Amino acid sequence: MPKLFQIKPSVGLLSLPYSLVFIFFFFIPLVLTFVISFWDYNEYSIIPDFILENYRYIFENCFSFENGMCVTFKTYLSTFMFCLITWFFTLIIGFFVAYFLSFYVNSLTWQIALFLLCTIPFWTSNVIRMISWIPLLGRNGLVNDFFLSTGLTSTPQEWLLYSGFSVVLAFVHLYTLFMIVPIFNSMMRIDKSIIEAAYDSGANGFQILWNIIIPLCKPGIVIGSIFVITVVMGDFITIGIMGGQQIPSIGKIIYVEMSYLQLPAAAANAVILLLLTLLIIWIMTKMIDIRKEL
Amino acid sequence: MFSKKNNTYYVCVFFFSLFVLFLYGPTFTIILLSFQGPDGGLTFPLNGISTYWFEELWRGGSVVDIGSAFKRSIILGIIVMILTVVLSVAAGLAFRKKFWGSNVLFFTTVASLIVPSIVLSLGVALQFRLIDDLTKWIGSSLNISWVNDSFQTSLGMYSSGLGAQLTWTLPFGLLIMFAVFNRFDKSYEEAARDLGATPWKTFKEIVLPLIAPSIIGIALFGFTLSYDELARSSQVMGSGNTLPLELRGLTTTVTTPIIYALGTVTTFVSFTVIAISVGFYLFLKRKKGI
């Protein structure tokens with residue numbers, strides 16, 4: 001590029017305020033979390049030090065399986081299960097909704113309107129959306145009324161609310177949007193003539209879906225999956241409210257340790273959670289890259 | 001193959017309607033239940049119809065100080081909205097060209113969206129705790145009297161709370177700016193520049209009106225995401241709780257429809273903001289004829 005058109009330094013400087021927010025409220029806090037995870041603490045203060053005690057405590061009894069699985073592993077396993085189940089349902093539903101919007105809705109105005117209809121709940125309160133399941137799933141809720149009146153069950157079903165079931169339901173309810181948006185975005189970029197060509201060559205609907213649409217949506221699927229999985233991995237609010245404060249999660253461990261001011265212990269848990277999240281993201285991004293290579 | 005005549009189309013419409021019902025149905029049940037009579041409970045059947053629970057909420061009946069939490073949330077939401085618009089539009093302009101550190105900043109933006117909220121909240125809380133300790137230490141070693149006498153904590157709604165929320169709203173703002181500038185026709189700007197307009201004038205008279213509808217979108221994200229934000233701010237709000245934080249506390253203690261009335265009110269606020277934004281967006285779009 002000729003010298004005349006080179007970047008003026010002033011344009012890049014416009015990003016400075018934005019960058020400062022992330023330096024001060026993102027970078028430094030994460031670095032401090034890592035550093036403080038090696039600190040010592042007592043009831044009322046945190047003490048600069050370099051100890052591995054916080055990490056050792058997390059994995060206490062984890063590598064001798066005499067007494068069954070340790071609490072940490074159990075918690076992680078339970079959180080992974082929530083991730084997996086939520087991921088499965090949000091993917092199926094999100095994919096379907098995006099598929100409907102991009103291929104079955106023909107006018108752009110309707111596409112935007114229906115897309116907005118799916119997006120609006122994202123801008124309303126999550127807590128309200130969680131408690132709005134109470135009248136439906138509670139002991140005297142509509143679902144139990146229906147079960148009892150039709151004689152499907154003779155007693156109210158307790159597993160509907162404040163259970164693993166209601167946690168997954170709330171996750172799917174809250175976060176399917178994270179799948180819809182990126183998958184819809186990928187689908188809108190698919191050249192319709194490719195699909196027509198396949199159809200004209202005799203491919204049936206399923207073949208088109210499996211051999212054309214899904215492969216072309218892979219980036220969208222991966223981005224959506226990353227969002228859903230990371231949000232479930234670190235969750236403590238949904239699991240707390242919908243699990244009736246009875247179901248453990250990694251986020252909840254951190255939260256409880258913070259409330260007891262065991263900050264270095266919470267920091268150690270946060271570091272492990274962050275590393276695991278990064279590992280999952282790394283594996284998932286590898287998945288699209290490899291497919292691109294093939 | 002996606003014709004409207006075949007059965008798959010109707011099956012798809014049916015499932016999509018079910019999904020919309022799944023999205024909105026629960027919210028409408030609590031709106032319905034919030035209009036119960038004084039004997040109403042948390043579940044159906046409806047016990048009479050009245051605005052009793054809204055009056056009770058207005059009187060502050062037996063629940064925490066909802067009024068001031070509400071006010072705090074609105075004020076913080078507006079501040080976050082303004083900062084999100086200004087900072088992400090400025091950063092968006094910068095990102096139109098490569099600059100030193102632009103890649104790092106982009107990855108930070110994405111990372112901020114997917115970092116577990118509790119981890120970020122903890123990090124910011126730790127940072128402000130260290131700032132407090134440092135301030136107190138400086139205060140006592142230099143004998144600064146106001147620090148020794150009155151300094152409690154730097155943690156608060158407008159410091160740590162604001163910052164933690166910005167790490168959630170700013171990425172959305174910047175990503176919207178990316179989407180805008182990817183489709184932006186540069187020729188208008190070049191024409192203005194060729195006619196001798198200064199960069200500031202070009203921005204004010206050409207670029208800003210063209211991106212104005214999208215700025216409404218950024219403002220909508222900024223306000224609503226802050227107004228409902230809970231996970232990131234949960235550890236860093238200091239003494240004054242915002243509405244979502246109060247609401248979360250109420251889920252375990254309140255057993256009357258007053259919580260539904262509160263839910264109805266805050267959902268109404270969100271819907272109003274969304275409706276105003278969409279209306280404003282359409283108005284600006286139409287006005288510019290683009």
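Biologist: Why is K252(A) called buried?

Modeller: K252(A) has 20 C-beta neighbours inside 10 Å. A residue is buried if 20 or more other C-beta atoms lie within 10 Å of its own, exposed if 12 or fewer and partly exposed in between, with C-beta atoms placed from the backbone, so K252(A) counts as buried. Its place is in helix α13 (residues 250-259) of chain A; helices are DSSP runs of H or I with at least four residues, numbered from the N terminus. A word on the basis: this is a predicted model, where local features need pLDDT of at least 70, side-chain atom pairs count only at pLDDT 80 or more, and totals for chains, interfaces and linings use all residues. Residues are numbered from 1 along each chain as its sequence is written, and chains are lettered from A and ligands numbered from 1 in the order in which they are written.

Biologist: Which residues is K252(A) in contact with, leaving aside its neighbours within four places in sequence?

Modeller: Those are F236(A), I239(A) and G240(A). Being in contact means that the C-beta atoms, placed from the backbone, lie within 7 Å.

Biologist: What makes up the largest nonpolar core?

Modeller: Such a core is a set of buried Ala, Val, Leu, Ile, Met, Phe, Trp, Tyr and Cys residues joined through C-beta atoms within 7 Å. The largest one has 134 residues, and F171(A), I254(A), A267(A), A270(A) and L122(B) have the most contacts inside it. Helix α9 (residues 164-188) of chain A gives the largest share, 14 residues.

Biologist: How many residues does each chain bring to the contact between A and B?

Modeller: Chain A brings 70 and chain B 67. On the side of chain A, helix α2 (residues 16-36) has the largest share, with 14 residues. By class, that side has 51 nonpolar, 18 polar and one charged residues. Here Ala, Val, Leu, Ile, Met, Phe, Trp, Tyr, Cys and Pro count as nonpolar, Asp, Glu, Lys and Arg as charged, and the others, Gly among them, as polar.

Biologist: At what angle do α2(A) and helix α3 (residues 66-94) of chain B cross?

Modeller: At roughly 115°, with the axes coming within 7 Å. Axes are lines fitted to C-alpha atoms, for helices over the stretch in contact, and angles run from 0 to 180 degrees between N-to-C directions. P17(A), Y18(A) and V21(A) of α2(A) make this contact with L87(B), S88(B), A90(B) and A91(B) of α3(B).

Technical notes: Contact = placed C-beta atoms within 7 Å. Helix = DSSP H or I, 4+ residues; strand = E, 2+ residues; numbered from the N terminus.
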